[in-house]
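Work through the exercises below with the sequence and the coordinates at hand. Each task is followed by a solution in steps.

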Amino acid sequence: MAHLDEQVHLQLPIQQSRRALGLNNMSNEELVPLFIPALGVLLVNMEDEKGSPLDEDEVLALRDKASVMMVSKEHFESMAESRGYADLDPENCWYDWQMLRRKLGRKPDLDPGARFSFVSKDNEEFQATIVAAQDTLGEFRHLLVDASQQKFPLVKTLLSEPDYRAYIWLSVVSHDSVGFVGEIFELPSGFKEYLVGDQIEVPDSEVKDWMINDEGKLHGGYSLRYARSKMSDAERAAFDEHVGVESYVTIGS
């Protein structure tokens, strides 16, 4: 099995995306891909020319052949400011394209699937989020006492198949003193055995994160906070909108 980086939310075979974008041979300097023209502009033009919605293969094919240059994050953010918008994330191209289509009022709506965030399994900051989640499971259980399904209690765990693995958020349907039962509500297409709707037993030792969204107030969500800390202001605003969070409850309060 090819190596797959573990990631913050859901997972793509990231090496496949990096090869397609020609990024594998870059140095360790923090550089990001800048598409010129912007991916969003290219896709709008392509869909207009086609006269009907692009399918996922068409979107990814355009991404893979588009002109891209590697720039510093500062340069990337400066370009986004001058354009007046943030371009699509190439590793979430299909999802971001569907979100843009909705903003533009394009019909019909297509299923965007899940949005992905990636991080190396050796990343110490990310590993610290797992420790924090484990250390605060008591707080999570306390919040679950009066948490309705409207507050969206979730746990994250690692699901594995022979050729694919990813950290997946599960909707908590029950819990006891030693673990949780969570239901899969979204999956990346790489999974072949697990299905949306499957219920998974997650012992405490396998919980990688937890969260409760209480009417826009996020409790827990340590990996989400980590991912958000690496974003620009514009990216954070889009991220908060995507996860439905208006404020982050101070940890330990």
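A residue counts as buried when its relative accessible area is under 20%, as exposed when it is over 50%, and as partly exposed in between. The model is predicted, and every value below is computed from it.

**Exercise 1. Aromatic pairs**

Task: Classify the geometry of the pairs Phe-191 with Tyr-194 and Trp-210 with Tyr-222, and state which of these residues are buried.

Solution. 
- Step 1. The structure holds 7 aromatic pairs. In the one formed by Phe-191 and Tyr-194, the centres are 5.9 Å apart and the planes make 85 degrees. Planes over 60 degrees apart count as edge-to-face, and this pair is edge-to-face.
- Step 2. Phe-191 has 7% relative accessibility and therefore counts as buried. Tyr-194 has 24%, so it counts as partly exposed.
- Step 3. Trp-210 and Tyr-222 also form an edge-to-face pair, with 5.9 Å between centres and 80 degrees between planes. This pair links distant parts of the chain: Trp-210 is in strand S7 (residues 209-214) and Tyr-222 is in helix H8 (residues 222-229), 12 residues apart.
- Step 4. Trp-210 and Tyr-222 are both buried. Together with Phe-140 and Phe-180, they form one aromatic cluster.

**Exercise 2. The sheet**

Task: Give the strand order of the open sheet of 7 strands, name its edge strands, and describe how S7, S8 and S9 are connected.

Solution. 
- Step 1. The order is S6-S5-S4-S3-S7-S8-S9, and the pairing is mixed. Strand S6 (199-203) and strand S9 (247-248) are the edges, since each pairs on one side only.
- Step 2. S7 and strand S8 (residues 217-220) run antiparallel and are joined by 4 bridges. In this pairing, Met-211 stands opposite Gly-220, and Asn-213 stands opposite Leu-218.
- Step 3. S8 pairs with S9 in the parallel sense, over 2 bridges. Lys-217 stands opposite Ser-247 in S9.
- Step 4. Helix H7 (residues 137-144) packs on the sheet. H7 touches strand S3 (154-161), strand S4 (164-175), strand S5 (179-184), S7 and S8, and its direction makes about 35 degrees with that of S7.
- Step 5. Val-181 lies in strand S5. Leaving aside neighbours within four places in sequence, Val-181 is in contact with Ser-171, Val-172, Val-173, Ser-174, Gln-199, Ile-200 and Glu-201. The C-alpha atoms of Val-181 and Pro-203 are 8.5 Å apart, while the two residues are separated by 22 residues along the chain.

**Exercise 3. Two helices**

Solution. 
- Step 1. Glu-56, Val-59, Leu-60 and Arg-63 in H3 meet Cys-93, Trp-94 and Trp-97 in H5. By class, this contact has 5 nonpolar, no polar and 2 charged residues.
- Step 2. Arg-101 lies in helix H5 (residues 93-103). Its relative accessible area is 1%, so Arg-101 is buried.

**Exercise 4. Backbone exceptions**

Solution. 
- Step 1. Most residues other than glycine have a negative phi, and most peptide bonds are trans.
- Step 2. The bond from Ile-36 to Pro-37 is cis, with omega near -5 degrees. Pro-37 is placed in the loop between strand S1 (31-35) and helix H2 (39-50).
- Step 3. The bond from Lys-107 to Pro-108 is likewise cis, with omega near -5 degrees.
- Step 4. Glu-215 is not a glycine, yet has a positive phi of about 55 degrees. Glu-215 sits in the turn of the hairpin formed by S7 and S8, which has 2 residues between the strands. With a relative accessible area of 73%, Glu-215 is exposed.

Terms used
Residues numbered from 1 in each chain as written. Predicted model: local features only at pLDDT ≥ 70, side-chain atom pairs only at ≥ 80, totals over all residues. Heavy atoms only, no water. Phe/Tyr/Trp six-rings, centres within 6.5 Å; stacked < 30°, edge-to-face > 60°. Buried < 20%, exposed > 50% of the residue type's maximum accessible area, 1.4 Å probe, protein only. Pairing = 2+ DSSP bridges. Contact = heavy atoms within 4.5 Å. Axes fitted to C-alpha atoms, helices over the stretch in contact; angles between N-to-C directions. Nonpolar A, V, L, I, M, F, W, Y, C, P; charged D, E, K, R; others polar.
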